[in-house]
Amino acid sequence: MIPALETMARLVNCPEAWDFNGCGQVFCGVDIGTHSVAAVLVDETGEVRAANMRRAEVVKSGLIVDYLGALALVRELVDGLRARCPRPLGPAATTYPPNTESGNIRTTAHILEAAELEVVNILDEPSAANLVLGLEEGCIVDVGGGTTGIAVIQGGRVVYSGDEATGGIHLSLVLAGGMGVDQEEAERIKADKSRAGEVMGLVRPVIDKISSIVGRHLEPWPGIETIHLVGGTSELEGMARAMGRNLGRRVERPFFPQAVTPLGVALSCLEQAGTVKTIRSAAG
């Protein structure tokens with residue numbers, strides 16, 4: 001288990017648990033996703049100090065489609081952190097899904113700047129995730145709200161990435177239709193771990209499709225034995241096992257997988273500050 005993710009789970013949306021004692025400088029990571037927006041603070045050693053996360057519908061197929069909504073939400077999350085943090089919030093980083101650079105980089109930078117943050121890094125989501133996972137070789141699959149991203153890691157770096165429009169929202173739509181409920185209720189049912197078996201029985205065709213997407217992207221890399229599953233949708237119990245059977249490869253899911261990329265974004269600020277050696281030990 002990665003200790004920093006355990007800390008994230010304890011701190012997210014819990015300002016009474018945030019602790020800035022002994023903190024010299026803070027760095028902010030902002031991840032604007034299809035299903036949620038997260039803002040994370042780490043200190044100069046990479047220790048997680050605070051985190052906010054909210055559900056959102058400001059992104060579709062990996063692109064920000066509601067600029068004002070995204071801006072308002074990022075400001076809310078960052079202002080909540082700023083109100084509690086005794087240090088000034090300055091250096092910050094954000095992400096974009098693979099292959100969406102032209103549509104996202106400038107937009108996300110403007111959003112952070114409007115929240116009075118200094119943008120020091122904008123990186124792709126797989127690279128951010130790997131700052132937490134620390135893979136030298138392997139594959140990261142990020143199943144978010146609207147897309148599934150696939151990244152091949154060699155020598156500790158992303159050498160290939162792809163992104164396709166199938167994700168958690170598609171599971172929710174299938175679940176809503178199968179149960180005769182609205183999408184909001186389907187989201188609640190999907191998050192209820194006690195109903196995981198029932199949910200898996202209905203959404204299995206979507207998981208099979210996600211598996212086929214991953215398998216197609218990995219055809220040039222038959223030697224990859226392990227897939228590391230991250231993203232909010234991968235919280236669904238049974239999904240990793242189903243994908244492993246479909247793909248004939250080992251599929252591992254870290255604790256609190258939806259926090260992997262937001263944490264990695266914050267840690268990327270240390271890389272820009274020249275303290276990259278602290279990142280691995282901070283992430284665990």
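How many nonpolar, polar and charged residues are found in the lining of the largest pocket? In this predicted model, the residues of that lining divide into 16 nonpolar, 16 polar and 13 charged. The pocket itself holds about 890 Å³ of space. Of the 45 residues that line the pocket, His35, Gly231, Gly232, Thr233 and Gln258 are the closest to its centre. Several secondary-structure elements each supply at least two residues of this lining, namely strand E1 (26–32), strand E2 (36–43), strand E3 (48–55), H4, helix H6 (183–191) and helix H9 (260–272). The most is given by H6, with four residues.

Rolling a probe the size of a water molecule over the atoms shows where empty space is left. A search of the whole structure finds two cavities of 30 Å³ or more. The second largest cavity contains about 30 Å³ of space. Its lining is formed by Glu125, Pro126, Ala129, Ile140, Asp142, Gly149, Ala151, Val230 and Thr261. Helix H4 (125–133), strand E8 (137–143) and strand E9 (148–154) are the elements that give two or more residues to the lining of this second largest cavity. H4 gives the most, with three residues. By class, the lining of the second largest cavity has five nonpolar, two polar and two charged residues. H4 also supplies at least two residues of the lining of the largest pocket.

The packing of the helices was considered next. Two packed helices are described by the angle between their axes and the distance between the axes. For helix H5 (residues 168–179) and H6, the axes come within 8 Å and cross at roughly 105°. H5 and H6 are therefore roughly perpendicular to each other. On the side of H5, the contact is made by Gly168, Ile169, Leu171, Ser172, Leu173, Leu175, Ala176 and Met179, and on the side of H6 by Gln183, Ala186, Glu187, Ile189 and Lys190. This contact of H5 with H6 has eight nonpolar, three polar and two charged residues.

H5 also packs against H7, where the axes come within 9 Å and cross at roughly 140°. These two helices, H5 and H7, are therefore oblique to each other, and H5 passes H7 in a right-handed crossing. His170, Leu171, Val174, Leu175, Gly178 and Met179 of H5 make the contact with Glu198, Val199, Leu202, Val203, Val206 and Ile210 of H7. By class, the residues of the contact of H5 with H7 divide into nine nonpolar, two polar and one charged. Leu171, Leu175 and Met179 of H5 take part in the contact with H6 and also in the contact with H7.

A further packing pair joins helix H7 (residues 196–217) to helix H8 (residues 239–247), at an angle of about 50° and with the axes 9 Å apart. That angle makes H7 oblique to H8. The crossing in which H7 passes H8 is right-handed. In H7, the residues Met200, Arg204, Ile207, Asp208, Ile210, Ser211, Val214 and Gly215 meet Met239, Ala242, Met243, Arg245, Asn246 and Leu247 in H8. Eight nonpolar, three polar and three charged residues make up this contact of H7 with H8. Ile210 of H7 is among the residues that meet H8 and is also part of the contact with H5.

Finally, the surroundings of Glu235 were examined. Glu235 lies in the loop between strand E11 (226–230) and H8. Leaving aside its neighbours within four places in sequence, Glu235 is in contact with Lys193, Arg253, Phe256, Pro257 and Gln258. Of these contacts of Glu235, Gln258 is also one of the residues closest to the centre of the largest pocket. Between Glu235 and Ala39 there is a separation of 196 residues in sequence and of 19 Å in space, C-alpha to C-alpha.

Technical notes. Residues numbered from 1 in each chain as written. Predicted model: local features only at pLDDT ≥ 70, side-chain atom pairs only at ≥ 80, totals over all residues. Heavy atoms only, no water. Axes fitted to C-alpha atoms, helices over the stretch in contact; angles between N-to-C directions. Parallel < 35°, antiparallel > 145°, perpendicular 65-115°, else oblique. Left-handed = near helix turned anticlockwise from the far one by under 90°. Contact = heavy atoms within 4.5 Å. Nonpolar A, V, L, I, M, F, W, Y, C, P; charged D, E, K, R; others polar. 1 Å grid on protein atoms, 1.4 Å probe; cavity = no way out; pocket = protein on both sides within 12 Å on 5 of 7 lines; lining within 4 Å. Points joined across faces, edges and corners; volume = space filled by probe spheres on them.
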